[in-house]
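The following exercises are meant for a reader who meets this structure for the first time. Each task is followed by a solution in steps.

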Amino acid sequence: MLRSILFVYTPAFAQTAVYMLQSVEYRPGVHLKWLWQVNDFNKVAYRRNLVKTRPAKMLLWAFLLGELVEAAIAIWLFVSGVTAPHYGYIPIAVGLFLITPLLWAHLIILPLWLGDWIIIKPSQGRKISRAKTSFAKHPAVKIAIAGSYGKTTMKEILLTVLGDVKNVAATPANKNVSISHALFAERLNGDEDILIIEYGEGAPGDVARFAQRTRPTVGVITGLAPAHLDRYKTLKAAGEDIFSLADYLGGKEVYVSGDSPDTRKFLKKGYEVFSAEGIDGWKVSGVKTTVDGLEFNLSNGSKKLRIKSHLLGRHQVGPLALAAYLADKFGLNARQIESGIAKIKPFEHRMQPYQLGGAWIIDDTYNGNIEGMKAGLELLKELPAKRKMYVTPGLVDQGAEEKSIHIELGQAIKAAEPDQVVLMKHSVTAYIEEGLTGYKGQLVIEEDPLNFYTNLDKLVAAGDLVLLQNDWPDQYN
């Protein structure tokens, strides 16, 4: 206890406070909520540390300067109280000194607001305005990808397959907001055949704004599931925002995942549905899954493709079928399509397999929605292994659906029948346990997630299959 109190009065506390702000993407309200929930600031930066970007450095200096000024005032009051007949200054000075670090953990949002309104927003506004003009003039086919999950995977699939033959550019990693689109536009040469732009969904109206600014000609909607419900409040609101991409396109050249149950209520005439069964006359058959990837046949009359991919899980059949379909529309031949799909590698922390001490580990720690979790669990059930282990902390940002979603997750885990389930102790653990009622395997509640992941090699043996799904950032309890 004493150590955690003393930590607040060290220079490291300033880094912790700025780290907290950075971790919540500089959202003051979320930062303050987290700040008020912390019991031990010495343990806040658990999984990561402050990335000293230029904004982070400026906030850190503002924090330290503010503390210095306040400490100087406290010292002046204390000295004045001792040397002059102003004894009332002494308790004020002591109180001011004691609250200085925590006070500045709150006041740090003031230079953030100031910098945001005076420097960042005007600068970003100019970049976004230039990008809007750039996208409007660019002659390329512009494919926009939206959805609650699967966006980055879909983007990378299309980039790999189409980019093997065409001049294709895509937004990097999961950079999927307006300023990311603007920075992407600045790097374009103007001679690209195809642009692939990923759309994030942070709050109602985002997708519609992205569409107005990037001017897509093709839309892909990868699925709908509870996510970001702290800001959308309902799944319907999230769906309306995501499907505003289809509205922008007038319902033409819109491709929607039919494997996502919640997208069905938003389907309209003219939308093209892709799924594990195929798309627009192209039929899927002969699906085989292993820990090395999946294979299936895709045929449409005389056109026949043998798809072989290193991606894991039957849930990837639909996206791969769509990629093959679009590649065919863009003029790629069968050999080029098959070759491009064969080059796709599992993406980092998204159903990414690796071996550890003779065991197979499937790293799906970027997964953050119930549909993705269930897809991974279906794969876990399907693949053979001497012992199967499932590890998760649960899901974040589920809003009012938090309890029901985690009970559903527990039921899906039970249906997959792993030999051991490891739940990282968090606020939703009890709900998952409720869903696991009747589970006959071994249930472990892990109090120290980082220690567990660090020592995973000591917990597995040859022949094991371990599925790791989702990981909670430090700001969640």
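A residue is called buried if its relative accessible area is under 20%, exposed if that area is over 50%, and partly exposed in between. The model used in these exercises is predicted.

**Exercise 1. The four-stranded sheet**

Task: State in which order the strands of the open sheet of four strands are arranged, and which strands lie at its edges.

Solution. The order is β7-β8-β9-β10, and the pairing is antiparallel. The edge strands are β7 and β10, since each of them pairs on one side only.

The next step is to follow the pairs. Strand β8 and strand β9 (residues 293–300) are paired over six bridges in the antiparallel sense, and V284 stands opposite L298 in β9. A hairpin of two residues leads from β8 to β9.

Between β9 and β10 there are seven bridges, and these strands also run antiparallel. Here N297 has R306 in β10 as its bridge partner. The two strands form a hairpin with two residues between them, and G301 in the turn has a positive phi of about 65°.

**Exercise 2. A further hairpin**

Task: Describe how β11 and β12 pair, and name the residue with positive phi in the turn between them.

Solution. Strand β11 covers residues 352–356 and strand β12 residues 359–364; they pair in the antiparallel sense over five bridges. Q355 is placed opposite W360 in β12. Two residues separate the strands of this hairpin, and G357 in the turn has a positive phi of about 60°.

**Exercise 3. The buried side of a helix**

Task: Explain why the buried residues of α14 lie on the same side of the helix.

Solution. First, list the buried residues of helix α14 (residues 334–342): Q336, I337, G340 and I341. They are on the same side of α14 because they cover an arc of only 125° around the axis. Finally, the buried residues of α14 pack against α7 (151–163), β10 (303–309) and α13 (317–329).

**Exercise 4. The cavity**

Task: Identify which residues line the largest cavity, and which element gives the most to this lining.

Solution. One cavity of 30 Å³ or more is present in the structure. The largest cavity has a volume of about 40 Å³. Its lining consists of I128, A131, K132, F135, S178, H181, A182, R213 and T214. Two or more of these residues come from each of α6 (109–137), α8 (178–186) and α9 (206–214). The greatest contribution is that of α6, with four residues. Sorted by class, the lining has four nonpolar, three polar and two charged residues.

Notes:
Residues numbered from 1 in each chain as written. Predicted model: local features only at pLDDT ≥ 70, side-chain atom pairs only at ≥ 80, totals over all residues. Heavy atoms only, no water. 1 Å grid on protein atoms, 1.4 Å probe; cavity = no way out; pocket = protein on both sides within 12 Å on 5 of 7 lines; lining within 4 Å. Points joined across faces, edges and corners; volume = space filled by probe spheres on them. Nonpolar A, V, L, I, M, F, W, Y, C, P; charged D, E, K, R; others polar. Pairing = 2+ DSSP bridges. Buried < 20%, exposed > 50% of the residue type's maximum accessible area, 1.4 Å probe, protein only. Arc of directions from axis to C-beta. Contact = heavy atoms within 4.5 Å.
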